[in-house]
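Please keep the 3D view open as you read.

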2 protein chains.
Amino acid sequence: MGFQQYRSPSTGQPVRAVLFDTFGTVVDWRTGVAREVAAFATAHARTFDAEAFADDWRALYQPAMNAIRSGRRSFTKLDTLHRENLDQALRHHGIDPDRVSMEALKELNKSWHRLPPWPDSVDGLARIRRHYVVGPLSNGNTSLLVDMARNAGLPWDVVIGSDMTRTYKPLPEAYLRTAAFLDLDPGEVMLAAAHNSDLRAARESGLATAFVVRPTEHGPGQVADLVPEGGWDLVASSITELADRLGA
Amino acid sequence: MGFQQYRSPSTGQPVRAVLFDTFGTVVDWRTGVAREVAAFATAHARTFDAEAFADDWRALYQPAMNAIRSGRRSFTKLDTLHRENLDQALRHHGIDPDRVSMEALKELNKSWHRLPPWPDSVDGLARIRRHYVVGPLSNGNTSLLVDMARNAGLPWDVVIGSDMTRTYKPLPEAYLRTAAFLDLDPGEVMLAAAHNSDLRAARESGLATAFVVRPTEHGPGQVADLVPEGGWDLVASSITELADRLGA
């Protein structure tokens with residue numbers, strides 16, 4: 001009733017779906033992983049810097065996906081990549097993963113399924129959802145994203161995991177196949193992300209773009225993604241502010 | 001806190017996800033389609049029996065999918081099959097679809113995206129969702145199911161359309177690929193359906209089963225699926241009653 005869909009100046013189309021990068025944009029992976037790493041360390045009578053461990057584990061994320069993006073390795077879901085990377089991170093911190101129970105490693109790996117939302121995420125998504133289809137557009141696999149949504153209370157309309165598109169951002173197919181599942185033109189889909197590189201790739205595939213600034217995703221000393229590095233359609237400091245910009 | 005997942009006697013496993021057939025089980029396709037058909041007839045200065053038209057349109061559903069199940073035709077999404085079948089149904093009722101605007105036909109085809117829920121569906125799903133992952137396990141495509149959920153207020157955790165599994169029930173892959181996306185064993189997934197044939201196929205693939213009786217899906221003269229025809233794990237006359245049976 002009188003609500004006007006936001007029209008992207010760059011695509012010239014009204015936006016029908018607002019899809020979100022998740023790790024860093026909707027949820028605070030560093031705090032969430034570090035919390036579970038600290039509990040793991042205590043349980044195994046170890047002491048190490050849980051934030052540094054989370055950073056090390058996360059640093060292996062892009063290289064692991066690169067093997068798949070380049071075609072050197074067939075599509076493998078993120079849970080499996082996280083699990084392999086966990087072994088490496090543990091060794092780096094002086095722990096032999098072969099001396100830890102499979103069950104404990106599996107549980108720790110699931111910390112990525114239980115990440116806490118940023119304070120504005122749930123409210124912002126609920127508002128945007130009143131007028132737009134909302135969902136993740138993430139490199140996470142479906143079961144990870146569903147667990148995350150249930151734990152954090154993220155009110156998605158749809159969860160299209162990377163195991164459904166069978167590719168990883170920033171390859172164009174990640175964006176294009178997601179739009180196709182929604183029966184939308186790329187220009188009717190907006191990607192909201194805290195990472196300029198993700199938005200750059202989305203724009204190249206014809207999507208509308210929104211930059212959500214998350215200046216502490218990487219902790220207090222963050223140096224990247226503090227400002228928009230492209231003429232993104234919208235810029236906001238939170239998802240509730242993005243809801244304002246979208247008129248939702 | 002103290003909640004015990006329902007354990008299926010047939011699979012021996014606790015159920016983690018309850019997935020629902022949609023057309024007939026969660027939504028009343030006949031009433032919904034007939035309502036839009038009646039409006040279409042009025043707009044085009046025609047009179048015909050809207051319920052009979054809905055039945056005729058629906059009768060073309062299984063034959064259209066059979067071409068794909070048998071491999072005679074490559075995977076084609078349900079929106080496209082519905083649209084082809086609409087032309088046939090119109091001709092059967094004396095209307096030349098070529099003399100109707102593409103826009104009007106597209107809108108009428110979208111009546112399948114706007115089906116009303118049965119009175120118990122939204123409450124029942126919301127209750128079950130507190131303790132189980134809930135989603136459709138339908139031959140509908142993703143965009144159809146997402147529109148349906150938004151229109152009817154169906155509180156799904158996840159929407160895995162047939163265009164994601166790229167096959168149609170009752171082929172085993174429809175059930176097995178859906179469980180795999182959720183990272184669950186087939187025995188941790190329950191199919192709830194108003195159709196004995198669907199439950200038979202789900203059980204053959206190792207899923208837990210619940211029969212939800214919908215005695216007026218096909219109108220007042222319904223003759224099929226009035227009683228359970230297998231030893232299904234649970235039998236209920238509504239989704240709220242199913243929630244009771246699941247302890248949710």
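The axes of helix 4 (residues 78-92) of chain A and helix 5 (residues 102-109) of chain A come within 10 Å and cross at roughly 120 degrees. Axes here are lines fitted to C-alpha atoms, for helices over the stretch in contact, and angles run from 0 to 180 degrees between N-to-C directions. Helices (H or I, at least four residues) and strands (E, at least two) are DSSP runs, numbered from the N terminus. Because of that angle, helix 4 of chain A is oblique to helix 5 of chain A; angles under 35 degrees count as roughly parallel, over 145 as roughly antiparallel, 65 to 115 as roughly perpendicular and the rest as oblique.

This is a predicted model, in which local features need pLDDT of at least 70, side-chain atom pairs count only at pLDDT 80 or more, and totals for chains, interfaces and linings use all residues. Residues are numbered from 1 along each chain as its sequence is written, while chains are lettered from A and ligands numbered from 1 in the order in which they are written.

Which residues of the two helices meet? D79(A), H82(A), R83(A) and L86(A) in helix 4 of chain A are in contact (C-beta atoms, placed from the backbone, within 7 Å) with L105(A), L108(A) and N109(A) in helix 5 of chain A.

## A residue in helix 11

L242(A) sits in helix 11 (residues 239-245) of chain A. It is buried, with 25 other C-beta atoms within 10 Å; buried means 20 or more such atoms, exposed 12 or fewer, and partly exposed in between. Not counting residues up to four places away in sequence, L242(A) touches several residues, including G124(A), I128(A) and A192(A). L242(A) and F211(A) are 31 residues apart in sequence, yet 8.9 Å apart in space, C-alpha to C-alpha.

## Chain A as a whole

| Property of chain A | Value |
|---|---|
| Secondary structure | 11 helices and 5 strands |
| Span of the C-alpha trace along its principal axes | about 60 × 35 × 30 Å |
| Buried share of the 248 residues | 49% |

Among contacts in chain A between residues at least 6 apart in sequence, 65% join residues at least 24 apart.

## Meeting chain B

The contact between the chains takes 14 residues from chain A and 14 residues from chain B. On the side of chain A that touches chain B, the largest share, 5 residues, comes from helix 7 of chain A.
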